[in-house]
Amino acid sequence: MDWGTELWDQYDIIEKHTQSGLELVEKYVKFVKERTEIEQNYAKQLRNLSKKYNPKRSGKDEPECRLSSYQSFVDILNEMNDYAGQRELIAENMMMNICIDLTKYLQELKQERKTYLLDAKKAQQSLESTYKQLDSSKKRFEREWREAERAAQYAEKTDQDINATKADVEKAKQQAHMRAHVAEECKNDYAAQLQKYNKEKNQFYFSDMPLIFNKLQDLDERRVRKVAQGYILFSDTEKHVMPIIGKCLEGITKAGTNVDEKNDSLIVIEQNKSGFERPGDVEFEDYSQGINRASSDSSLGTPKGPMDLLGKNRNKNFWLFSKKSKKFTPDRIMPTVTEDFAHLPPEQRRKRLQQKLEDICKELQKEVDQSEALGKMKDVYEKNPQMGDPASLAPQINQTSQNIERLRGELNKLGLLRQEFEGTHCAIKVIHSTTMELTIFSALMELTQMRALLIPPRPSTLSLMMTLKMRN
């Protein structure tokens, strides 16, 4: 079934329907454009979110960066950044394959529809013009025929009039004959115009307009088919990137499964273990036996705790939990960083020394390899002067030799520092428990002496103090 046969008299309906179809295409293109804007804004927000929570370059050396939970979070941020890239790709493909393509196709359809409607209007105008000619010839024939009838009646009346002369009768007959001839010509012209109009009318209703309607039907069907392809592309565009999006989501899942809480605990131990021994018990100091504070302090000139080994807080007891205070005091000043890492606890100092030794060894090996390569190149130049001047390598060779000597000096220096540290650390471990006990004993003796000034001790108390002193 076609429009030219079934809708031959529904020109206005066909015109309105085709216009509505083109408006639907425009509406769909606008819809997809707004969807692409949403995708682009979504991708932009995801990228900004990933950038906001991604660690800065300066923070990548922080101790937390080695933790698996931290690394997994960074992996998640990277996967989200890749996911944002896929959303941008969806927006780009929708814009290229749907919006731009449909917009171009829509312009072609509009121009084609305009041409068909102009052809229909021309055919209608041509038929109307022919009808006007037919109507004009018909009215002329009617007018001339009436004039011929009046002329014939006048000639007959004149012929019957006894008072009319022969010349008057002859003149009336000639006039009637002329009018009849003109009327006959108008009749023939009217017949010809009527035949022409009927022919054009049949051509208009059975050929021209059905052909135009069928072309409009084909245009509308092609428009429907094209917009249907746009509907499918709307889904396929996202389906094409789904495998990559799935990989991004799998990467996020993998980042979660890669978190190892036990390994993170080991890393925390490795990064923060001080190597100090726990403080020993406090010993009793019997001031009744003549021990005074000055002699006690002078006899116990060894470090009193881990903080003494760091060179600060020598007159304070060591507490596990530090008191937080917003007030700035000299005690809150961080220790000065030194090249031999003496500001660090023993365990951390040992690791840093070992790490620096390994780094210098790698750098030294690199310089040695470069020196050997320069030596080989110099031998080649000496054997084949056309390949190069051996003297041109002298600055590089000298610089490499200086670097090797410098690195060897640093390596020896670090080796001595490490040997010194290992010996000192072992000695500290041996005396640490005894030192702590003596320190605590001195503090107790001072407290007991202060109490003795206020309340005289009873004999049982003095006996107990003497017994403890003898046991110690």
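Predicted model: local features only at pLDDT ≥ 70, side-chain atom pairs only at ≥ 80, totals over all residues.
**Ground rules.** Local features need pLDDT of at least 70 and side-chain atom pairs count only at pLDDT 80 or more, while totals for chains, interfaces and linings use all residues. I number residues from 1 along each chain as its sequence is written, and side-chain values use heavy atoms, with hydrogens and water left out.

Buried here means under 20% relative accessible area, with a 1.4 Å probe and protein chains only. This core has 40 residues, and Y28, V32, I98 and L216 touch the most other members. Helix 2 (11–53), helix 3 (68–160) and helix 4 (166–257) each give two or more residues to it; helices are DSSP runs of H or I, at least four residues, numbered from the N terminus. Helix 3 has the largest share, at 17 residues. I also found a second, separate core of 7 residues, L357 and L414 among them.

**Helix 2 against helix 4.** Their axes (lines fitted to C-alpha atoms over the stretch in contact) lie 11 Å apart, at an angle of about 15 degrees. Angles under 35 degrees count as roughly parallel, so that is what I call this pair.

**Cysteines.** I counted 0 disulfides, taking a disulfide as a pair of cysteine sulfur atoms within 2.5 Å. C186 is buried, at 4% relative accessibility.

Methods. Buried < 20%, exposed > 50% of the residue type's maximum accessible area, 1.4 Å probe, protein only. Core = buried A, V, L, I, M, F, W, Y, C linked by side-chain atoms within 4.5 Å. Axes fitted to C-alpha atoms, helices over the stretch in contact; angles between N-to-C directions. Parallel < 35°, antiparallel > 145°, perpendicular 65-115°, else oblique.
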